[in-house]
Amino acid sequence: MAGNGGRTGPAWDRAKAITFARSQTCARCGEPVDMGLSGMHPYGPMCGHIVDVYDGGSNHPDNLQTEHRRCGIIAGNERRNERRRGQTRHDDPLNRGDEWT
């Protein structure tokens, strides 16, 4: 489980199946996700977290969304860079989603 946020095994497979059945549109860019592509393809399906596990989110289907792999990786990189700069969602107690200053 180290390093992958628990993204293996039957529980993850069920959560991912529920998420993909619920939506086949990328939650990041709004474009359709070709579910027939490999998950390793840049525009293939990826199951992403709405609230990162790092920030207290879970692997429950209610906290998961369908994304293109490319879109999910870009978003994850942006969040990691924000944490490195000391900017986190916790800086905004109302979590309004405003731009950080």
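These questions and answers walk through a predicted model.

Me: In what order do the helices and strands follow along the sequence?
Reply: The protein has 2 helices and 2 strands. Read along the sequence, the pattern is α-β-β-α.

Me: What share of the residues in the protein is buried?
Reply: Buried here means under 20% relative accessible area. The protein has 101 residues, and the buried share is 31%.

Me: Among contacts between residues at least 6 apart in sequence, what share joins residues at least 24 apart?
Reply: Contact means heavy atoms within 4.5 Å. Among contacts between residues at least 6 apart, the share joining residues at least 24 apart is 52%.

Me: How far apart are the end C-alpha atoms of helix α2?
Reply: Helix α2 covers residues 69-84, which is 16 residues. At 1.5 Å a residue, α2 should span 22 Å. The model agrees with that, as the end C-alpha atoms are apart by 23 Å.

Me: Which residues of α2 are buried, and how wide an arc do they cover around the axis?
Reply: The buried residues of α2 are Cys71, Gly72, Ala75, Gly76, Arg79 and Glu82. They lie on the same side of α2, because around the axis they cover an arc of only 130 degrees.

Me: In which sense do β1 and β2 pair, and over how many bridges?
Reply: The two strands pair in the antiparallel sense. Pro45 has His68 of β2 as its bridge partner, and Cys47 stands opposite Thr66 in β2. The pairing of β1 and β2 runs over 5 bridges.

Me: How many residues of β1 are buried?
Reply: The strand β1 is largely enclosed by the rest of the structure. Cys47 is buried, with a relative accessible area of 7%. The β1 count is 4 of the 5 residues.

Me: Which residues of β2 point one way and which the other way?
Reply: In a regular strand the side chains alternate between the two faces of the sheet. In β2, 5 of its 5 residues are buried. Leu64, Thr66 and His68 point one way, and the other way point Gln65 and Glu67.

Me: Which cysteine sulfur is closest to that of Cys71, and how many disulfides are there?
Reply: Cys71 is buried, at 12% relative accessible area. The closest cysteine sulfur is in Cys26, at 3.8 Å, too far for a bond. A disulfide needs two sulfur atoms within 2.5 Å. The count of disulfides is 0.

Me: Which residues does Arg69 contact beyond its neighbours within four places in sequence?
Reply: Arg69 is found in helix α2. At 24% relative accessibility, Arg69 counts as partly exposed. Beyond those neighbours, Arg69 is in contact with Gly39, Met40, His41, Pro42, Gly44 and Met46.

Me: What separates the C-alpha atoms of Arg69 and Met40?
Reply: Along the chain, Arg69 and Met40 are 29 residues apart. Their C-alpha atoms are separated by 7.1 Å.

Me: Which residue just after α2 takes a positive phi?
Reply: Look just past the end of α2. A positive phi of about 85 degrees is found there, in Gly86.

Key:
Residues are numbered from 1 along each chain as its sequence is written. This is a predicted model: local features need pLDDT of at least 70, side-chain atom pairs count only at pLDDT 80 or more; totals for chains, interfaces and linings use all residues. Side-chain values use heavy atoms; hydrogens and water are left out. The expected span of a helix is 1.5 Å times one less than its number of residues. Buried means under 20% relative accessible area, exposed over 50%, partly exposed in between (1.4 Å probe, protein chains only). The arc is that of the directions from the helix axis to the C-beta atoms. Two strands pair if DSSP finds at least two bridges between them.
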